[in-house]
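Please examine the sequence and the structure shown below.

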Amino acid sequence: MTGAGDSATDADARDAAFTETMRRTGASIGALYLLAPDEQQLLLDVMCGAPADFAAPWATIPLATPAPVTEAVREDRMVWVGSQEELARAYPRTAMALPYPLTLVAAPVTGVRRWGALLLMWPATRPPYMTQRERGNIAVSCGQLARLLEEAVENGTFPAPGDQPRVLPAGTGRRSAGPAMAAADFIERLPGGSCALDLEGRFSYLSAGACELLGRDAGELLGTMPWQSLRWLDDPIYEDRYRAAVISRESVAFTVCRPPDHWLDFHMYPDASGISVRIVLSGAQDPPTPASRHTNRSAAPSRAGRIYQLTHLAAALTEVVSVQDVIDLVADQIMPAFGAQALVLSSAEAGRLRITGCRGYDPHTIERLDGLSLDTAFTPAGQVLSTGIPAFFADREEMRRIYPEASLISGKQAWAFLPLIVSGRPVGCCILSYDRPHAFPAEDRAVMTSLAGLIAHALDRARLYDTKHDLAHSLQQALLPRALPTVTGLRVAARYLPATRGMDIGGDFYDLIPLGDTVVAAVIGDVQGHDAAAAALMGQVRTAVHAHSALGTAPDQVLSGTNRLLIDLGTDLFTSCLYARIDLAARRVILASAGHPPPIMRLPDRDTGPLDVPPGPLLGIDPHAVFPVTEIPLTPGSMLTFYTDGLIETPGVDLDDSIADLADHLAHADDQDLDALIDTLVGKAGPGGQRTDDIALLVLHHAARL
């Protein structure tokens, strides 16, 4: 059994190792992310050097998100970003939410398994490269953190999902606990005091001169944030300057007018414990300030933190593809951003609200809410969709007054109903709900309303994509053989894989046509293109080949007849095709090719190579084309592999070399399970599972005996 003491001891040990790593590397900001139990998300465990709300957009990061920490975990390597420009090029979504000069490294924390990633950040004044010694130190620190996490698992004290991230004090050991200590910090940083901010952005010290220039007493300002207590500083430009100072650890200067006409220059000097601020009348002698690379930028009148959060989420919404992607993004990033515990995302379909995704609700409740009419009065959904105005209920009593039944069905205590409208057309409704009463300040309502519009467009696009994808998939499956025929003495396996970009549809095809008890025709082809037109033409080609084969036509005449059909159709798409007539009793194979890559034969002694099949022209070009015929013996125990160019084409690699590599792989492959063999072949096609072309594969193994 373990107690609170064990948990505290393990956490303290991790925190000590974490802060010691920051001290040794000189990092100004650090964060430790841990993999969620499902290994699909990274969760922020501990942070140092910046307020927790700075990390709000990244408290939970789906592992598939393009970001330095996720890439470090996925690829199990250290990711170094030497400048803000490099960050913008490699990780634009992250750069949108961190538009400051900085350098950073994300390193995987790996032991007996993947645990997460360590993120360290430095000001841009640091050299934009890492030495081998620095890399070694960080790698050793990650190994130590991994061992401490393994000990926490053994002791039963591993952080549970949903635990709030911890924020550690700066490694200097100094805390701005009160005016006296803050003043001491300030004096260390700058002679002649003005005021000091802690890392949370609150006034921790003000001199008499600062109070006079700001026009307020110290008692009114201490513990408050300037942009909240001084209305003339309530602009995201000035909060952004504070954020820039905290993250970049560089001095920042800006000028602002205190009504009616008092222009003041603010000079910020940050370090690990806070920010010293010198305030002087504009035009007076400025303090010595290093040249700053920051420029003031305009922004909408809202909190800077919320703006960056909204920007980050908006960028994420532009990347979603399917409806499930939208659901996952709202659940994994938008729900935590607003502290919600539950979600219902509904789509408007045929006059009803169909629930497409949910979190935090039991199945009985979802069943009760699914299928409500668009004008329902049972919940606020109908009202918000008809008016386009969101509805917010801070507690159950507010809901009960207008919708008495809805307040009881889910057991929730607060709700935000966000209409999803696109060009005046209802797309659906997004409901965020809370287990406890929850106030919705105007700032949150504005951000939620803005996000609702972005979610609506993302959901509308995703539904269209899913519809096209389902249609394409159904069409492709209808045009390919439902099942391959059983042929005595022949083991067969086949596979079709669409390109990973596009409609998941294409013109590659295969077929196996019985022509008698011991005779079979193997066909593989590739129609130009990756769209519905290519798939439709593929269906016509396959039908033509099948019809000519059924008449017992020779291989070259099968291709000639199909060629004439394509010319008569007047299509502008060309087709390659390989036709093989296999006679198991006579132990021979007769082949004809229309510009298709040669099949690969593996003999019983594993001697493997491409067959020499002289190709004719592509189908659909020359009405008088001739397709040479090749005949080869078929030795029992041989294996024939037919494929399309999507399996072998690699940018920058000669096609003959790719075919030779495929033959070498087949020579050493296990042929006991042909489906498993195909798995290994397609796994080698395209880095990271990415395919620029579709693939068709047909593998035939002739048994030693009939």
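Ser28 touches Met22, Cys48, Gly49, Met121, Trp122, Pro123, Ile247 and Arg249, leaving out residues up to four places away in sequence; a contact here means heavy atoms within 4.5 Å. Ser28 itself lies in the loop between α1 (4-25) and β1 (29-35). Helices (H or I, at least four residues) and strands (E, at least two) are DSSP runs, numbered from the N terminus. Ser28 has a relative accessible area of 10% and is therefore buried. Buried means under 20% relative accessible area, exposed means over 50%, and partly exposed lies in between, with a 1.4 Å probe and protein chains only.

The model is predicted: local features need pLDDT of at least 70, side-chain atom pairs count only at pLDDT 80 or more, and totals for chains, interfaces and linings use all residues. Residues are numbered from 1 along each chain as its sequence is written, and side-chain values use heavy atoms, with hydrogens and water left out.

Is Leu197 buried or exposed? Its relative accessibility is 3%, so Leu197 counts as buried. Apart from neighbours within four places in sequence, the contacts of Leu197 are Arg202, Phe203, Ser204, Pro226, Met268, Gly274, Ile275 and Val277. For Leu197 and Pro226, the separation is 29 residues in sequence, and their C-alpha atoms are 9.1 Å apart in space.

The backbone also deserves attention. Pro259 and Pro260 are joined by a cis peptide bond, with omega at about 5 degrees. Pro260 is located in the loop between β10 (252-258) and β11 (262-271). Asp76 is not a glycine, yet its phi is positive, at about 50 degrees. This residue, Asp76, is placed in the loop between α2 (68-75) and β4 (79-81), and its relative accessibility of 46% makes Asp76 partly exposed. Arg606, likewise a residue other than glycine, has a positive phi near 70 degrees. The loop between β24 (600-602) and β25 (608-610) contains Arg606, which counts as partly exposed at 37% relative accessibility.

The next topic is the packing of helices. Two packed helices are described by the angle between their axes and the distance between the axes. Helix α17 (residues 442-479) packs with helix α18 (residues 532-550) at an angle of about 15 degrees, and their axes are 10 Å apart. The angle makes α17 roughly parallel to α18. Axes are lines fitted to C-alpha atoms, for helices over the stretch in contact, and angles run from 0 to 180 degrees between N-to-C directions; those under 35 degrees count as roughly parallel, over 145 as roughly antiparallel, 65 to 115 as roughly perpendicular and the rest as oblique. Which residues make the contact? Leu475, Gln476 and Leu479 of α17 meet Ala532, Ala535, Ala536, Met538, Gly539 and Arg542 of α18.

Finally, consider the whole protein. It has 21 helices and 29 strands. Of its 706 residues, 52% count as buried. Among the contacts with a separation of 6 or more, 62% join residues 24 or more positions apart. The protein exposes about 31200 Å², of which carbon and sulfur atoms supply 53%; accessible areas come from the Shrake-Rupley method with a 1.4 Å probe, and for residues only the protein chains shown count as cover.
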